[in-house]
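Subject: Handing over the structure

Hi there,

Here is the structure I promised to pass on to you. Please have a look at it first, and then read on for what was found in it.

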Amino acid sequence: MNLKVLKIKTWIRDNLDQIVLSLLVVPALVLIFTFQLIPSAWTIWFSLTDIALVGKKALNWSFVGLKNYLDMITDIDFWRSMNVTIQYCAVSLVLRFTVGILAALFMTLSKVKGKILIAAIFLLPSAIPGIMHPYVWISMLEPKYGTLNTILKFFGLPPQSWTYGAVVESLIMINTWAGYTFTMILMASAFKSIPREYYEVAEIYGASRWQKFRKVTLPLIKFPLILCLILIFKEDIDDFTYAYMFTGESPRPDFKTELLSLYAYHKAFHYYELGFGCAVGFVIAIIVFVLTLLQLRVARV
Amino acid sequence: MASTTKIIAAAIVVVIIAAAGYYWYYTTSQPRTTEITLMTKAGLWADFIRNSGVLEDYKERMLKEKNVKVEVTIITAPHRGYGEKLITSFAAGSEGDVCWVSPTDVFRLAETEYLLDLTPYVSKWADWEKFYPAARNAYTIGGKVYAVPNDAATMVLYYRKDLFKKAGLPVPWQPETWDEVIEVALKLKEKFPDLPMIIEAWYEEQLPVYSDGGVIYDPSDGKFIAKSPQLLYLFKLYYDIIYKYGLMPKEFKLEGWDDRKLFAEGKLPLMIDGTWCYTEKWGPNGPYPIENREEVIGYAHPPSSGRPNNPHGKYPNTFRDYAWVISARTKEPELAFELIKELTRADIMAKWGYETSHLIVRTDAMIGDYAKDKFLEWNTEALKYAVPKPTTTLFNKYMDALKEVLRNELLINGRTPEECLEIFAEKVTEKLGEENVKEIPIP
C-alpha cells in the first residue's frame, strides 16, 4: 500500500510541470467544449434533419441524411450567395490589405510631426464599438438626408444610390473602413521587427531601394503577410452585421447583399428551415476550418 | 394522579390542534407570490405598458381577487426582427408567459403547439363577445382560440391638404377608383413636377387585388391564387403608376427613401401608409411631428378598381393587427389570462389607440380621447372593408414571391404586367408547392 502511494507521489513529482500545464488548458477546453463543440455537434446533427424552427416540422422532424446538402448545391440561391460572398471577400481583401499596408508604412516610415495623433485617428474605427458601426453608416449613407450625399451635393456632384445601386460598394467600403486597422497593426509590427542593421549592410553592398525591399523586407514579412491575408479572408467569409444592416429580416429580392452567413440566417430564421440553415452554416464552418488549418501551417513556419 | 395526566395530555392535544389550526389559517390567508413574464417590443410598446398603469391595476386585482402577489417582468426585443426573436424564444423555451404577436406568427406557433388554447378561458369571459367578430375569428384555428386581439390598422391614402389646395384640387378628397387617384396625381405632378408620389401599399402590396374584388387565398380549398384577373390588375396598376404615368420614382422603393419624413416636410403630396403613421410618426411625440395635423394631413380610403359588386365593399382594404398569446409552457395560465384581460381592457385599448393611432378591436372601446379623435373615428369605420390575412403559414412565402416579382421584374427589369404575372405564377408555385396553389382563368 505504502509502496503504491510512494509510486504515485513520485510520479506526480516527476510530472508536476506536465500536470500544471495540462490543468492550465482545462478552462479553455471547458469553454470550447460547452460553447463550440456541443453547438457544432448540434448544428451538424440538425443539418442532417428536416427540423424547422416553428410549424409542423418543428414537432415531427426526421433524419434526412444529406438531403439538405444536396438541396443546397442544387439551389440557385446558394450559388448566387456564394458568388456574392466571393466577390465581397476578394475585393475586401484587396482593399483592407492595401489601405492597411499603406497606413502601416506611414506609421513605420514617416517622420512627420504629430504622427502619433494621425496613428490614433487611423485606429478610430477599431475604437468604436462594432454595435455602433451600422448606426453610424446608416446616417452616412441614407439616400435623401445622409451625410455622404449632402457632401456630394455641396460640391455640386450628383447624389449616389448608396443603399441600392451601389449597395455592394457601400458594404465593401464599410468593411474596409472597419477592418483596415487589423492589417495596419499586424504589418506595422512586422515592419518594425526587421533589424535596421540588415538595411545598413544592404546599403554597404550598394543595394537599390527595390533590392532592399525584395531581398530584405519581403522575405522577413512574408509570413506575417500571408497570415494577414488568410485572417482577413477568414474574417470576411462569415461577415454578417453590415450585410444584415442593408438587408433586414428577409432577403433583398436582388440578392446583392446575401452573403453566405445571411443566406443561412434567412433560411433558418426567416423561412424557419433550421435544418437547411444549419447545413449552410456547416459549409461556412468547413471553409473557415480549412483556412484555419492553412493559417496554422503558415504560423508554424 | 391518573386524572392529572389525562388533563395534561388533553391540554397538549388541544394546544397541538390549535397550533395546527393557526398554522393552516396563517398559511392560507397569506398571499401566494408568483411571477409572470410579458414579452413585447421595446420602446413605444413596452413603455406604454409600463406607463399606462395597467400592471399596477392587474397586481392589485390579483391580490384582491385571488390573494396572489404577482410580479410582472417585461422582456423586450427590438421592433426590427421582433418576429424572429419571438419565434426563436419559443423554440428555445425562453419566451414570456404572455407574448405580443403578429397574426402570421400566431398560426405558426399554434401549429407547433407552443400556444395555450384559450377557448376555455374566453368562453367564461363576458367581454369576449365585445370584440369585433372579424378580430375574434382571425385567431380561431380549427374552432380553438389562440390569441386575444389587441389592436388593428388599415392602409390609408394620406395627402397633403396644403399642396392639394395649391394645385386647385378639392379638399377633403375621397377617390372612388384608382383611376381617379392617378388623375389627381397627374394634376399634382403638373403643378409640382419635382415632387414624387408614393402610390403603392408598401408592405401590403396585395391591396390592389382586393380593390379589384379578388383574393389571394381561397379558404374553401386552402389554396393560394397564383394567377387571376385581379393579380394582373395589381401588376397593371403598379406598372402604369411607375412607367406609363411616371408618378412614382423607382428609387423610392429600391433605395428605401424615408417617405414619412418627406411627407412631413411637404415634399410628398400623396402616399399610402398605415393607420399608425398619423400619430406614431407625425404626432407631437413622433419622429417627424407635423403641427396642426388636422389642417395639413388629409386622409382617404384606398379606393376600388371600379369593378362592380366588389365583395369587399366600396373601399377594400387590408387588415393588420397584433394580439396577445399565452405560452403553452406557462405555469400560471389563469394569471396569464387575467393579465391579457387587463391589457385588452376597453379603456387601455382606447388609450393605446389614441396615443399611437392604432384602431380598437372591441365595440365598447370607442371612449375617451379615442372617441374624440376625428381621424381614429373615421379610420375605425374603415375596418368593415378590411380583408383579414390568410391564416396559414404559407402566407409569408406568397408575399415574398410577390415582393420579389414586383421589385426584380417590374421595378428593375421593367417587365410588362403580363410577363410579371407569368413569372409570379411560376415562382409562387415553386415556393408553395403545386398542391397549394391554383389559377383563375383570365378572360
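What radius of gyration does chain A have, where a compact globule of 301 residues would have one near 19 Å? For chain A the value is 25 Å, with the radius of gyration taken over C-alpha atoms and the globule rule being 2.2 Å times the number of residues to the power 0.38.

Before the rest, a word on how to read this. This is a predicted model, in which local features need pLDDT of at least 70, side-chain atom pairs count only at pLDDT 80 or more, and totals for chains, interfaces and linings use all residues. Residues are numbered from 1 along each chain as its sequence is written, while chains are lettered from A and ligands numbered from 1 in the order in which they are written.

Chain A

The C-alpha trace of chain A spans about 75 × 70 × 30 Å along its principal axes. Its secondary structure comes to 15 helices and zero strands; here helices (H or I, at least four residues) and strands (E, at least two) are DSSP runs, numbered from the N terminus. Of the 301 residues in chain A, 30% are buried. A residue counts as buried if 20 or more other C-beta atoms lie within 10 Å of its own, as exposed if 12 or fewer do, and as partly exposed in between, with C-beta atoms placed from the backbone.

Chain A is divided into domain 1 (2-45) and domain 2 (75-300), with bounds that come from an automatic or database domain assignment. The centres of these two domains of chain A, taken over C-alpha atoms, are 38 Å apart.

Chain B

In chain B there are 21 helices and 15 strands. The C-alpha atoms of chain B fill a box of roughly 115 × 55 × 35 Å, taken along the principal axes, and buried residues make up 46% of its 443 residues. Among contacts in chain B between residues at least 6 apart in sequence, 73% join residues at least 24 apart; two residues are in contact if their C-beta atoms, placed from the backbone, lie within 7 Å. The corresponding share for chain A is 65%.

Chain B, too, is divided into two parts: domain 1 (33-152 + 320-387) and domain 2 (155-317 + 394-439). Their centres, taken over C-alpha atoms, are separated by 29 Å. The contact between them takes 15 residues from domain 1 of chain B and 19 residues from domain 2 of chain B. On the domain 1 side, helix 17 (346-356), helix 19 (374-382) and strand 14 (386-387) of chain B each supply at least two residues. Helix 19 of chain B gives the most to that side, with four residues.

Where the chains meet

The contact between the two chains takes 25 residues from chain B and 19 residues from chain A. On the chain B side, the elements that give two or more residues are helix 4 (82-92), helix 5 (103-111), helix 12 (250-255) and helix 20 (395-412) of chain B. Helix 20 of chain B gives the most, with six residues. By class, this side of chain B has seven nonpolar, six polar and 12 charged residues. Ala, Val, Leu, Ile, Met, Phe, Trp, Tyr, Cys and Pro count as nonpolar, Asp, Glu, Lys and Arg as charged, and the others, Gly among them, as polar.

A sheet in chain B

Three strands of chain B form an open sheet in the order 10-7-11, with antiparallel pairing; two strands pair if DSSP finds at least two bridges between them. Strand 10 and strand 11 of chain B each have a single partner strand and stand at the edges, so one side of each is left without a neighbour in the sheet.

Strand 7 (residues 155-160) of chain B is mostly covered, as six of its six residues are buried. B:M155, B:L157 and B:Y159 point one way from strand 7, and B:V156, B:Y158 and B:R160 point the other way. In a regular strand the side chains alternate between the two faces of the sheet.

Five bridges join strand 7 of chain B to strand 10 (residues 270-274) of chain B. There, B:M155 has B:G274 as its bridge partner, and B:L157 has B:I272. Four bridges link strand 7 of chain B with strand 11 (residues 297-300) of chain B, where B:Y158 is partnered by B:Y299.

Best wishes
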